[in-house]
Amino acid sequence: MNDSVAAQSNGTSAGEQLTLTQFYEKYVPAALAIDRMVTPVFYFIGIPCNPLCAFIWLGQRTRRSNSSAIYLGTLSISHSVFLILHIFIELNYAWDIKTFDGYVSCELFYTVYYYAQYMAPLLVLSFTVERYIAICHPFLKEKYCTVGRAVVVVFTLLFFCLLLSCVQAYLWTYDEHYKVCNHRQHLQATNFPLYWTWITELTVFGVAPFAALVFNVFVIREIRNITSRGPAGVLAPSGSGQNQASTMTLLSISFYLICTWLPATLVYSLEQNFPVGDDDPQRSPVWRRHFTYITVRKCVEEVTLSNSACYFFIYYLTGKFFRVRFQELMCPKKCVSGAGRGEDFAAGSMNGRSAAAKQYIAVPCKSDTGYSSCATNV
């Protein structure tokens, strides 16, 4: 919700001074009710589950030969930070409880808040590209799909997102007049905040998910082609299912991000088409259109928020190793028999590196007599 609406809502009726929360509670209570009832559910799921996911993915035996675990662990950490910071946003705008409003705190809060948001789509795009290389260009996998390269990519993204988010410290400050965090007064007369927000929002939350969709299409098409040709040979049939579960996990995460972020980007891009009105909110058709937009936007925002809370269920349903490790942590004595299977799978489930988890496919390669079939593992 835009803080600037608070200023305009103050003059909607004579002698009536409402905060932003009070204004929406009076004129569009459904949107505020959705915010207050649904958001805590995602806090309840995501705040305990994301650190657990990070602990499993970044455990020593998971990450040592599993480059995707580096991305998934970092993704879980960024989601944890985002949900914790989102609590302050929720208290501010849904419950009218002032939390981070103040000099320095406004600048610092929005820097870290956007930092955590920027990381998620870029991390998903990164491991989507890695999966594309592993499936569609298997001879390049040993060079590009490594733990060391994944660490380098993650630190590069951390630095890049820090540069983007630092601009928020310049955009935001404490507004003494309205007693809220707002854009700096000398920037409100310019289009810089609008242009910067459009560029970053559409790039990170629009272009990145769309690019992930394109790479996913290539991966699915290649997997279908491989399946139609038939494998050149399979070692340990159980390995095939493990590898498919790994690819299924990454594809599910990527598609979940696409389905939850692209609608939010679309709704955000339509904001200028639903401006606030200048007269009585109860009678103005302009205000009614704005209230309808706010209600729809709040529903979409809740769907987007689920992206930061519900990956645990994807990991558990599609990843055998994750299920085994989770069961070991929750009931170590009862599940001790599954530790060996988890150990074997951890060694190479994502990249097909363990002896029991390798699945070989036929690919064309050059030879002295022309072209022949070679076998490579996926």
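Leaving aside neighbours within four places in sequence, which residues is Tyr110 in contact with? In this predicted model, Tyr110 is in contact (heavy atoms within 4.5 Å) with Ile89, Tyr93, Phe100, Gln168, Trp172 and Cys181. Residues are numbered from 1 along each chain as its sequence is written, and side-chain values use heavy atoms, with hydrogens and water left out. Because the model is predicted, local features need pLDDT of at least 70 and side-chain atom pairs count only at pLDDT 80 or more, while totals for chains, interfaces and linings use all residues.

Tyr110 is also one of the residues with the most contacts inside the largest nonpolar core, together with Leu75, Ile253 and Tyr315. A nonpolar core is a set of buried Ala, Val, Leu, Ile, Met, Phe, Trp, Tyr and Cys residues joined through side-chain atoms within 4.5 Å. Buried means under 20% relative accessible area, exposed means over 50%, and partly exposed lies in between (1.4 Å probe, protein chains only). The largest core has 78 residues. Helix H6 gives the most to this core, with 14 residues; helices (H or I, at least four residues) and strands (E, at least two) are DSSP runs, numbered from the N terminus. Another core lies apart from the largest one and has nine residues, including Tyr132, Ile135, Cys136 and Leu251.

The structure holds 38 aromatic pairs. Rings of Phe, Tyr and Trp (its six-membered ring) pair if their centres lie within 6.5 Å; planes under 30 degrees apart count as stacked, those over 60 as edge-to-face and the rest as tilted. The pair of Phe109 and Tyr110 is edge-to-face, because the ring centres are 5.5 Å apart and the planes stand at 85 degrees. Both Phe109 and Tyr110 are buried. The pair of Tyr315 and Phe322 is tilted, because the ring planes stand at 50 degrees, with the centres 5.3 Å apart. Tyr315 has a relative accessible area of 0% and is therefore buried, and Phe322, at 1%, also counts as buried. Ring pairs link Phe82, Phe88, Phe100, Phe109, Tyr110, Tyr113, Tyr114, Tyr118, Trp172, Phe205 and Trp261 into a cluster.

A search of the whole structure finds one disulfide, defined as a pair of cysteine sulfur atoms within 2.5 Å. This disulfide joins Cys106 to Cys181, with an S to S distance of 1.8 Å. The torsion about the S-S bond is about -85 degrees, so the disulfide is left-handed. The pair links distant parts of the chain, since Cys106 is in helix H6 (residues 105-136) and Cys181 is in strand E2 (residues 180-183), 75 residues apart. Cys106 is buried, at a relative accessible area of 0%, and Cys181 is buried as well, at 1%. Cys299 is partly exposed, with a relative accessible area of 36%.

The loop between helix H5 (67-93) and H6 contains Asp96, and Val104 lies in the loop between H5 and H6 too. Neither is a glycine, yet phi is positive in each: about 60 degrees for Asp96 and about 75 degrees for Val104. Asp96 is partly exposed, at 25% relative accessibility, whereas Val104 is exposed, at 59%.

His86 is placed in helix H5 and is buried, with a relative accessible area of 12%. Its side chain makes a polar contact of 2.6 Å with the side chain of Tyr43. A polar contact is a pair of N or O atoms within 3.5 Å; within protein, one must be able to donate a hydrogen and the other to accept it, and residues adjacent in sequence count only if both atoms are side-chain atoms. Neighbours within four places in sequence aside, His86 is in contact with Thr39, Tyr43, Tyr113 and Leu305.

Glu25 belongs to helix H2 (residues 20-27) and is partly exposed, at 39% relative accessible area. With neighbours within four places in sequence left aside, Glu25 is in contact with Leu32 and Arg36. The side chains of Glu25 and Arg36 are joined by a polar contact of 3.4 Å. Arg36 also lies over the face of Trp95, at 4.4 Å from the ring centre; a charge sits over a ring if NZ of Lys or CZ of Arg is within 6 Å of the ring centre and within 35 degrees of the ring normal. Glu25 and Ala94 are 69 residues apart in sequence, and their C-alpha atoms are 8.9 Å apart in space.
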